[in-house]
Amino acid sequence: GFSNIELCISYLLTARMDRQMHPGEAFSLKVIAALINNSHFKKVSVFDAHSDVTAAVIDNCTVVSNEVFVQDAIKAFELQNPTCEKSKFCLVSPDAGALKKIYKVAQSISDIEVVECIKNRHPRTGELSGFKVFAQDLRGKTCFLVDDICDSGRTIVGVAGALKKLHAEKIIFVVSHGIFSNGIPLQNVDEIFCTDSYKPIASVKGELTVMNVLKYLS
């Protein structure tokens with residue numbers, strides 16, 4: 001007897017399995033989308049979906065951007081570190097997949113530089129073999145490394161290491177969905193900002209700041 005029900009998803013299960021790279025691979029997001037679609041929700045809101053495929057396969061879907069969350073994280077960092085110069089802040093894209101989102105965030109923040117990175121990953125094994133940063137020198141910079149999901153953290157640790165080699169002063173990781181399957185802290189990362197979208201997690205002063213995801217879904 002219920003109708004006009006809206007579904008809010010803080011972390012979308014299988015969000016990264018959004019295509020078939022090779023024959024026989026699972027297209028798990030399509031399976032989850034079918035389960036959601038069969039419930040005929042009036043509206044489905046998903047916080048910081050991994051890719052545009054989410055909105056394409058889920059009916060009546062609205063993807064909630066990470067823009068406000070990233071802005072809040074930067075503001076919180078400024079409050080905690082009042083001596084850091086805002087003119088030396090930059091946003092860092094960890095890979096090509098995150099680049100589109102990074103530029104959208106940058107448009108909402110005045111006078112902030114964007115640094116692009118790419119990673120080499122074996123298509124079958126998923127093993128990472130190297131990282132490239134498209135910058136010459138990051139001396140004195142506070143780098144806000146922004147991504148949607150952190151599972152093992154291998155990509156972030158690798159990118160952060162490459163940024164350190166370019167003399168980045170601080171590396172602040174801003175991630176919407178913190179799984180942290182290998183635990184925290186992450187090597188080469190000075191501080192982390194995340195939401196509690198995936199699981200309840202406590203802030204640790206100077207190391208991890210957790211923000212309530214309901215603010216961004218409301």
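**Entry 1: exposure words**

Before anything else I wrote down my terms: a residue is buried under 20% relative accessible area, exposed over 50%, and partly exposed in between. I also noted that this is a predicted model.

Asn60 has a relative accessible area of 47%, so I call Asn60 partly exposed. I found Asn60 in the loop between helix 2 and strand 3 (61-64).

**Entry 2: another positive phi**

I looked up Asp48 next, and here phi is near 45°, again a positive value in a residue other than glycine. Asp48 sits in the loop between strand 2 and helix 2. Is Asp48 buried or exposed? I got 4% relative accessibility, so Asp48 counts as buried.

**Entry 3: a cavity**

Asp48 turned up again when I went looking for holes, as one of the residues lining the largest cavity. I counted 1 cavity of 30 Å³ or more, and the volume of the largest cavity is about 30 Å³. Its lining also includes Tyr11, Leu12 and Ala15, plus Val46, Phe47, Ala49 and His50, and then Ile149 and His177. Sorted by class, I have 7 nonpolar, 2 polar and 1 charged residues in that lining.

**Entry 4: Asp18**

I moved to Asp18, in the loop between strand 1 (6-9) and helix 1 (28-37). Asp18 has a relative accessible area of 5%, so I put it down as buried. What does the side chain of Asp18 make a polar contact with? I found the side chain of Arg19, at 3.0 Å. Leaving out residues up to four places away in sequence, I saw Asp18 touch Phe27, Leu29, His50, Ser51 and Val53. His50 was already in my notes from the cavity lining.

**Entry 5: helix 1**

I jotted down the helix rule: an α-helix has 3.6 residues a turn, so residues three or four places apart point the same way.

**Entry 6: cysteines**

How many disulfides does the structure hold? I found 0. I checked Cys61 to see why: the closest cysteine sulfur, in Cys8, is 11 Å from the sulfur of Cys61, so the two are too far apart for a bond. Cys84 is in no disulfide either, and I put the nearest cysteine sulfur, that of Cys143, 12 Å away. I also noted that Cys61 is buried, with a relative accessible area of 17%.

**Entry 7: a cis bond**

I looked at the peptide bond joining Ile184 and Pro185, and it is cis, with omega about 5°. As a general point, most peptide bonds are trans. I placed Pro185 in the loop between strand 8 (170-178) and strand 9 (191-195).

**Entry 8: Asn81**

Last stop was Asn81, in the loop between helix 3 (67-80) and strand 4 (89-93). I read 18% relative accessibility there, which means Asn81 counts as buried. I also took a distance, C-alpha to C-alpha: Asn81 and Thr14 are 36 Å apart in space and 67 residues apart in sequence.

Notes
Residues are numbered from 1 along each chain as its sequence is written. This is a predicted model: local features need pLDDT of at least 70, side-chain atom pairs count only at pLDDT 80 or more; totals for chains, interfaces and linings use all residues. Side-chain values use heavy atoms; hydrogens and water are left out. On a 1 Å grid over the protein atoms alone, a cavity is a set of points where a 1.4 Å probe fits but cannot get out, and a pocket is an open set with protein on both sides within 12 Å along at least five of seven lines; lining residues have an atom within 4 Å of a point. Grid points are joined across faces, edges and corners, and a volume is the space filled by probe spheres set on the points. Ala, Val, Leu, Ile, Met, Phe, Trp, Tyr, Cys and Pro count as nonpolar, Asp, Glu, Lys and Arg as charged, and the others, Gly among them, as polar. Helices (H or I, at least four residues) and strands (E, at least two) are DSSP runs, numbered from the N terminus. Buried means under 20% relative accessible area, exposed over 50%, partly exposed in between (1.4 Å probe, protein chains only). A polar contact is a pair of N or O atoms within 3.5 Å; within protein, one must be able to donate a hydrogen and the other to accept it, and residues adjacent in sequence count only if both atoms are side-chain atoms. Contact means heavy atoms within 4.5 Å. A disulfide is a pair of cysteine sulfur atoms within 2.5 Å.
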